[in-house]
Amino acid sequence: MSEEEKIVKKVKIVYTIELLIFVSVALVLCSLFFFEVLPITETKVKIFSILTCVGGAYMIFDFFWALYSPKHRKTAPIIDKCLLLPFGISIIGFDIFVFILGFNINFFVFKCVLSAALLYVGIIYIFQAIYHWFHPLPTLVEAALADLAERKRVEAEEEILKQKELNEETEEVEVIEEVVEEEEEEK
């Protein structure tokens, strides 16, 4: 296995683990809210509604940004954006409904919507972890390979400096030997 293949494998492992951490957080929160280990309060309804409204708007904006910007599309695969777009649209619709009701929503309904949203995000991240294992993000691979090339360049420069130092020491020794020989000849 070449060094580049090792780097690509490390990138895939790190990114997959990162996505699986998000999956575990989403699924744990889903379970905690659904089984009311973390009870739903009016404050949580307000915080969740405001945060998800902003987050949903960002997801929609990010989708269109990736769709129309070739530069952004290189860093963010369109499949990831397409999978999260329904979540963003539906959560904004629900948030508007909650805002219209003045945050006075049945906590059972809110608990189910919150759990369903977190479950959807968890499932999407599981899919992304599997998908990006077989198709790693090109920007991550490029960055890792650029880092590898930089490390090799630095190592090569250090080796050249060591060789120069050895050559200088060898030249100094030769000069000293010449001086000693000249002194011996003079005697």
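Start by selecting Glu-185, which lies in helix H6, residues 138-186. Helices here are DSSP runs (H or I, at least four residues), numbered from the N terminus. The model is a predicted one, in which local features need pLDDT of at least 70 and side-chain atom pairs count only at pLDDT 80 or more, while totals for chains, interfaces and linings use all residues. Residues are numbered from 1 along each chain as its sequence is written, and side-chain values use heavy atoms, with hydrogens and water left out.

Is Glu-185 buried or exposed? Glu-185 is exposed, with a relative accessible area of 67%. Buried means under 20% relative accessible area, exposed means over 50%, and partly exposed lies in between (1.4 Å probe, protein chains only).

Next come the charged pairs. Side chains of opposite charge can pair when their charged atoms come close. A salt bridge is counted when a side-chain nitrogen of Lys or Arg is within 4 Å of a carboxyl oxygen of Asp or Glu. How many salt bridges does the structure hold? There are 8 salt bridges.

Select Glu-36 and Lys-111, which form one of them, with 3.4 Å between the closest N and O atoms. This pair links distant parts of the chain, 75 residues apart: Glu-36 sits in the loop between helix H1 (3-34) and helix H2 (42-68), and Lys-111 in helix H5 (residues 107-134). Lys-111 is buried, at a relative accessible area of 8%.

Move to Asp-62 and Lys-81, a salt bridge whose closest N and O atoms are 2.4 Å apart. It also links distant parts of the chain, with Asp-62 in helix H2 and Lys-81 in helix H4 (residues 78-100), 19 residues apart. Asp-62 is buried, with a relative accessible area of 5%. Lys-81 counts as buried too, at 19%.

Return to helix H6 and select Arg-153 and Glu-157, which both lie there, 4 residues apart, about one turn of the helix. Their side chains meet in a salt bridge (2.4 Å, N to O). Arg-153 is partly exposed, at 39% relative accessible area, and Glu-157 is partly exposed at 40%.

For the last stop, select Glu-3, Glu-4 and Lys-152, which salt bridges with shared partners join into one network.

Key: Helices (H or I, at least four residues) and strands (E, at least two) are DSSP runs, numbered from the N terminus.
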